[in-house]
Amino acid sequence: MKAKDDKTAPPPLPEPLRVAVADAHTHLDMQAGTVDEALAKAASVGVTRLVQVGCDLAGSRWAAETAAAYEHIHATVALHPNEAPRIVHGDPDGWSRQGDRPGGGEAALDEALAEIDRLAALPQVVGVGETGLDYFRTGPEGKGAQERSFRAHIEIAKRHDRTLVIHDREAHEDVLRVLKEEGAPERTVFHCYSGDAEMAEICAREGYYLSFAGNVTFKNAQNLRDALAVAPLDLVLVETDAPFLTPAPYRGRPNAPYLIPVTLRAMAQVRDIAEEEMAEALARNTDRAFALRGPAGG
Ligand SMILES: [Zn+2]
Ligand SMILES: [Zn+2]
């Protein structure tokens, strides 16, 4: 019983970073505890800012409201690639929370996209995402809606000069193709980067940011470490994607922004650079990737 409890307990606080950084992608609304608690815990180890990412209408509204209320939280808004087909097909078990069920069909997707467009114009909203393609969770029947939604999000990001945050799961080629066809926004981030070194070189040529999550620490993720090793340091970001993807050795336990130092230290090792140099680069890159102003962390 005790061992089981320990496995579901939050991991301990890592040693604080000496250079403050941001969590470039998190979902506070899916984590236990309050926003204030999450911010305080993160700040106590040098993670002083975060990007709160929306996945559906309710989550995007929440992200925008929360970013308006907290100086150190920045919002992105979107319909997740797995959410778009659910809106079109009217799946009642979708990601969406109650009150956001427009009724299905492409008109419903357009209605939801119009709301994302409205939210994207707000000053505290720095990005549009997470959007993209997910062929792991969504089957062939959802591909059309997913791509339509992805293209619309790219257009919204460009029109409002917002950073595009991409979710790409088992869809690398099509994501790169759609970006090329539509023309990528000036700032484009591959969140939870999942490609190999070859794709990292393509991203580098295009100037896309590669945002690494806790899975870069997983034993079986050598492809991610190879990608990190060849990526230009100026295009690398760190994120938690919390509550998901808790870094080793805490895999399976709840993730949160305060665990960024664990992933960051593993990344510094892959690059064979000092932790401080890694942190300084990541802080700078996050500012640039999301065009953040004001009190920067590094
Ligand atoms: Zn994602
Ligand atoms: Zn995410």
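This report walks through the pockets and salt bridges of a predicted model.

The largest pocket has a volume of about 700 Å³. Its lining counts 27 residues, and those closest to the centre are His167, Arg169, Cys192, Asp241 and Leu245. Strand β5 (163-169) is among the elements that supply at least two lining residues, together with β4 (125-134) and α9 (222-230); β5 gives the most, with 3 residues. By class, this lining holds 8 nonpolar, 10 polar and 9 charged residues.

The second largest pocket comes to about 370 Å³. Of its 20 lining residues, His74, Pro123, Val126, Leu292 and Arg293 are the closest to the centre. Here α3 (57-69), β3 (73-77) and β4 each supply at least two residues, and the lining has 11 nonpolar, 3 polar and 6 charged residues.

Now for the charged pairs: the model has 17 salt bridges, including these three.

| Salt bridge | Closest N to O distance |
|---|---|
| Glu155 and Arg159 | 2.7 Å |
| Glu181 and Arg177 | 3.3 Å |

The Asp110 and Arg148 pair joins distant parts of the chain, from helix α5 (residues 105-120) to helix α6 (residues 143-159), 38 residues apart. Asp110 is partly exposed at 40% relative accessible area, and Arg148 is partly exposed at 30%.

Glu155 and Arg159 both sit in helix α6, 4 residues apart, about one turn of the helix. Glu181 and Arg177 are likewise 4 residues apart, in helix α7 (residues 172-182), so about one helical turn separates them. Both belong to a salt-bridge network that also links Glu147, Arg151, Asp174 and Glu182.

Methods:
Residues are numbered from 1 along each chain as its sequence is written. Chains are lettered from A and ligands numbered from 1 in the order in which they are written. This is a predicted model: local features need pLDDT of at least 70, side-chain atom pairs count only at pLDDT 80 or more; totals for chains, interfaces and linings use all residues. Side-chain values use heavy atoms; hydrogens and water are left out. On a 1 Å grid over the protein atoms alone, a cavity is a set of points where a 1.4 Å probe fits but cannot get out, and a pocket is an open set with protein on both sides within 12 Å along at least five of seven lines; lining residues have an atom within 4 Å of a point. Grid points are joined across faces, edges and corners, and a volume is the space filled by probe spheres set on the points. Ala, Val, Leu, Ile, Met, Phe, Trp, Tyr, Cys and Pro count as nonpolar, Asp, Glu, Lys and Arg as charged, and the others, Gly among them, as polar. A salt bridge is a side-chain nitrogen of Lys or Arg within 4 Å of a carboxyl oxygen of Asp or Glu. Buried means under 20% relative accessible area, exposed over 50%, partly exposed in between (1.4 Å probe, protein chains only).
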